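Please read the report below alongside the sequence and the model, and look up each residue as it is named.

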Amino acid sequence: ITASDISTESSFLLCTNSLTMLLDQENETILSLQNDASSKIDKNAFEALGIENYPAPIGNYEECRNIGSTFQSADGVSAHFCLVGSTSLISGGSLPAIGGICLPETCDENLLQSADLSIWLESAYQTLNTDLNSTLTQKIYFDNLVLYIAAAKENMAGFTCGTYSPGSPSYFVKAFVLLFLLLFCVAFISTANDLLKDPNYPKYSSYQNLSPMHEYDRVLAALKSDRSEDHVPLIVSAFSLKRNIKRLFKQREETELSVFDGLKVISILWIILGHFFAVIANVGVLNPQTLNRLLKSYLGQLIFSSRLAVDTFFFISGFLVVHNVLKKFFAESRSCWLGLY
């Protein structure tokens, strides 16, 4: 027998003793609060939809955490919140939780994955079913624990218990944050230059006398220049908030392609709205029935059909590509299509 085995057995006894204490009549209030803070798994819906599509409620973390601070000194029972199915036992990565359960603090995530605790919980639930003195809350709470642990085991998923503490960010996240800060600094400097300097900033030293030229022609002339001092202010000015906001809300002259402008705006807003609700659905909702009612409504169908707006963008892109190719083909009076490719 190793020290690890002794430690595991000790943890098992502490956990089962705490769960047994919850069945005492004096701890009935604590059990009711833990049961209320835990989400309830719909076994039939979970088996039909699977772990990836199940709209999982995750319980009430705050209510579970407050149990320990309220009753620990009086009853010796403290609780913590555990997310079910939040980690993959295969890859070790994170997964969307399929539920949340409020447990005694002595029951940690490693113990919840053990076969001994599963057997003990099933035995305790069977005993409660045959005991005429057991309450409905006791049966619901232990039945919920058995179902959640079985669901996590079948899908090779683990648990995350206690207060969430994010780990150190990866190198990719650090690089992304540094890049974002760099772009923010460049945008700040560019906007300040636009606000504090004359309206003709940036000035292209080699082409200052070409003021009647169109702005894009001036930009093109500066890019073709070999002088580096022409390029730097040009690149910096591209991040100016003042300049870009002005261009964004400027009404341009109508062209033969202006008919697509409204369609593009509607498609963009539609996709943003759809992604917003999709993220909420993936994170989890406290009451899945609310989401089900939304899906059956006309508004819900409109929101979650936003993927069709992606097809609209494909259509617009294909049309513009063909339009530009044909325009270039006839403008250059080509007789062979192979040259375009």
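## The model and its chain

This is a predicted model, in which local features need pLDDT of at least 70 and side-chain atom pairs count only at pLDDT 80 or more, while totals for chains, interfaces and linings use all residues. Residues are numbered from 1 along each chain as its sequence is written, and side-chain values use heavy atoms, with hydrogens and water left out.

The chain holds 15 helices and three strands, where helices (H or I, at least four residues) and strands (E, at least two) are DSSP runs numbered from the N terminus. Of the 341 residues in the chain, 31% are buried; buried means under 20% relative accessible area, exposed means over 50%, and partly exposed lies in between, with a 1.4 Å probe and protein chains only. Among contacts (heavy atoms within 4.5 Å) between residues at least 6 apart in sequence, 68% join residues at least 24 apart.

## Helix α2 and its buried side

Helix α2 covers residues 28–37, and its buried residues are Ile30, Leu31, Gln34, Asn35 and Ala37. These residues lie on the same side of α2, because they cover an arc of only 165° around the axis, the arc being that of the directions from the helix axis to the C-beta atoms. An α-helix has 3.6 residues a turn, so residues three or four places apart point the same way.

Two packed helices are described by the angle between their axes and the distance between the axes. Here axes are lines fitted to C-alpha atoms, for helices over the stretch in contact, and angles run from 0 to 180 degrees between N-to-C directions. Angles under 35 degrees count as roughly parallel, over 145 as roughly antiparallel, 65 to 115 as roughly perpendicular and the rest as oblique.

Helix α2 packs against helix α7 (residues 136–154) at an angle of about 45°, with the axes 10 Å apart, and this angle makes α2 oblique to α7. On the α2 side the contact is made by Leu31, Ser32, Gln34 and Asn35, and on the α7 side by Thr137, Gln138, Ile140 and Tyr141. Helix α6 (residues 115–130) also packs with α7, at an angle of about 150° and with the axes 9 Å apart, so that α6 is roughly antiparallel to α7. Residues of α6 in this contact include Trp120, Leu121 and Tyr125, and those of α7 include Phe142, Leu145 and Val146.

## Helices α8 and α11

Helix α8 (residues 171–196) and helix α11 (residues 241–248) pack at an angle of about 80°, with their axes 7 Å apart, which makes α8 roughly perpendicular to α11. In this contact Thr191, Asp194 and Leu195 of α8 meet Leu241, Lys242 and Arg243 of α11.

## Two residues in loops

Is serine 39 buried or exposed? Serine 39 is found in the loop between α2 and α3 (43–49), and serine 39 counts as buried because its relative accessibility is 5%. Leaving aside its neighbours within four places in sequence, serine 39 is in contact with Pro57, Ile58, Gly59, Gly99, Gly100, Asn144 and Tyr148.

Methionine 156 is found in the loop between α7 and β3 (157–161), and methionine 156 is partly exposed, with a relative accessible area of 39%. Methionine 156 has a positive phi of about 55°, although it is not a glycine.
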